[in-house]
Amino acid sequence: MTYFLLDGPEDAPITILLAHGAGAPMDSASMAATAKALAAAGFRVARFEFHYMAARRYGHRKPPPRAETVNPEYIKAIADLRAKGVAGKLIIGGKSMGGRVASMVADEMFAKGEIAGLVCLGYPFHPPGKPEQLRTKHLADLKTPTLIFQGTRDEFGTKEEVATYGLSAAIEVIWLEDGDHDLKPRKAISGFSTADHLKTVTETIKARMALPSASSS
């Protein structure tokens, strides 16, 4: 059974399942801050770790595997979350690699009615300094409603680069001023704090994904 860190109200109508990035665990400072911000906004948030990262807690230093090889682990996490009794609307996603893995399983899960949307926090469009090594092929035809939050200083994909990618119409990219790969801005330069950007993240998810029925009332 997948182990989850849970935040937010148990009776929340929407749960957001988040996986970590390649190098930092589910309880890293940025993941914890994101989970707390989403929970404060009324979402139930579940964080989990892929096996290689969980093994590091027991002294097994494993490098990150190829992202697609952990797709089954993400699908199992969805099933295990449901098995724990988490019902209602589910949005999947994650930080960097976690969001990328979620994006690779999203359409299969969306077609089955298992999930309602996808949220990527700092999508790794390409490795830093290697803009030719794109990780965008599957994003061209993505059907799952998707929000990608990207800092304008993110070395894994700049605003100018992303504008040329031809992403699916189901994807909306929200740019966070001066944010790095952790969405963290330099307040002295930009005037924004990490808390400001996390507020944008939570409010945008609420506006785009939380209230589809409200638009008809």
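Ala 40 belongs to helix α1, which spans residues 29-40. In this predicted model, Ala 40 has a relative accessibility of 70% and therefore counts as exposed, since the cut-off for that class is over 50%. Ala 40 and Pro 65 are separated by 25 residues in sequence, and their C-alpha atoms lie 33 Å apart in space.

**Helix α1 and helix α7**

Helix α1 packs against helix α7, which covers residues 194-210. Their axes are 9 Å apart and meet at an angle of about 45°. That angle makes α1 oblique to α7. The crossing of the two helices is right-handed. On the α1 side the contact involves Ala 33, Thr 34, Ala 37 and Leu 38, and on the α7 side Leu 198, Thr 202 and Ile 205. Sorted by class, this contact has five nonpolar residues, two polar ones and no charged ones.

Ile 205, in helix α7, deserves a separate look. Is Ile 205 buried or exposed? Its relative accessible area is 0%, so Ile 205 is buried. Leaving out residues up to four places away in sequence, Ile 205 touches Ile 16, Leu 38, Phe 43, Ile 91, Val 119, Leu 147, Phe 149 and Ala 210. Along the chain, Ile 205 and Ala 41 are 164 residues apart, and their C-alpha atoms are separated by 10.0 Å.

One of the residues that Ile 205 touches is Ile 16, which is found in strand β2. Ile 16 is buried as well, because its relative accessible area is 0%. Apart from residues up to four places away in sequence, the contacts of Ile 16 are Leu 38, Phe 43, Arg 44, Val 45, Ala 46, Ile 91 and Ile 205.

**Helix α3 and helix α4**

Helix α3 contributes Asn 71, Tyr 74, Ile 75 and Ile 78 to the contact, and helix α4 contributes Gly 98, Val 101, Ala 102, Met 104, Val 105, Glu 108 and Met 109. Of these residues, eight are nonpolar, two polar and one charged.

**The nonpolar cores**

In soluble globular proteins, nonpolar side chains tend to be buried together. The largest nonpolar core here has 34 residues. Which of its residues touch the most other members? They are Leu 17, Phe 48, Phe 50, Tyr 74, Ile 78 and Ile 92. At least two residues of this core come from each of β2 (14-19), β3 (44-48), α2 (51-56), α3, β4 (89-95), α4 and β5 (117-121). Helix α4 gives the largest share, six residues.

Leu 17 shows what such a position looks like in detail. Neighbours within four places in sequence aside, Leu 17 is in contact with Phe 4, Ala 46, Phe 48, Tyr 74, Ala 77, Ile 78, Leu 81, Leu 90, Ile 91, Ile 92 and Gly 93. There is also a second, separate core of 21 residues, and Ile 16, Ala 35, Val 45 and Leu 121 are among them.

Most residues other than glycine have a negative phi. Asp 178 is not a glycine, yet its phi is positive, at about 65°. Leu 183, also not a glycine, has a positive phi of about 70°. Where are these two residues found? Asp 178 is in the loop between β7 (171-176) and α6 (187-190), and Leu 183 is in the loop between β7 and α6 too. The relative accessibility of Asp 178 is 6%, so Asp 178 counts as buried. Leu 183 is likewise buried, with a relative accessible area of 5%.

The table sets out the accessibility of residues discussed above.

| Residue | Relative accessibility | Class |
|---|---|---|
| Ala 40 | 70% | exposed |
| Asp 178 | 6% | buried |
| Leu 183 | 5% | buried |
| Ile 16 | 0% | buried |
| Ile 205 | 0% | buried |

Definitions and conventions:
Residues numbered from 1 in each chain as written. Predicted model: local features only at pLDDT ≥ 70, side-chain atom pairs only at ≥ 80, totals over all residues. Heavy atoms only, no water. Contact = heavy atoms within 4.5 Å. Helix = DSSP H or I, 4+ residues; strand = E, 2+ residues; numbered from the N terminus. Nonpolar A, V, L, I, M, F, W, Y, C, P; charged D, E, K, R; others polar. Buried < 20%, exposed > 50% of the residue type's maximum accessible area, 1.4 Å probe, protein only. Core = buried A, V, L, I, M, F, W, Y, C linked by side-chain atoms within 4.5 Å. Axes fitted to C-alpha atoms, helices over the stretch in contact; angles between N-to-C directions. Parallel < 35°, antiparallel > 145°, perpendicular 65-115°, else oblique. Left-handed = near helix turned anticlockwise from the far one by under 90°.
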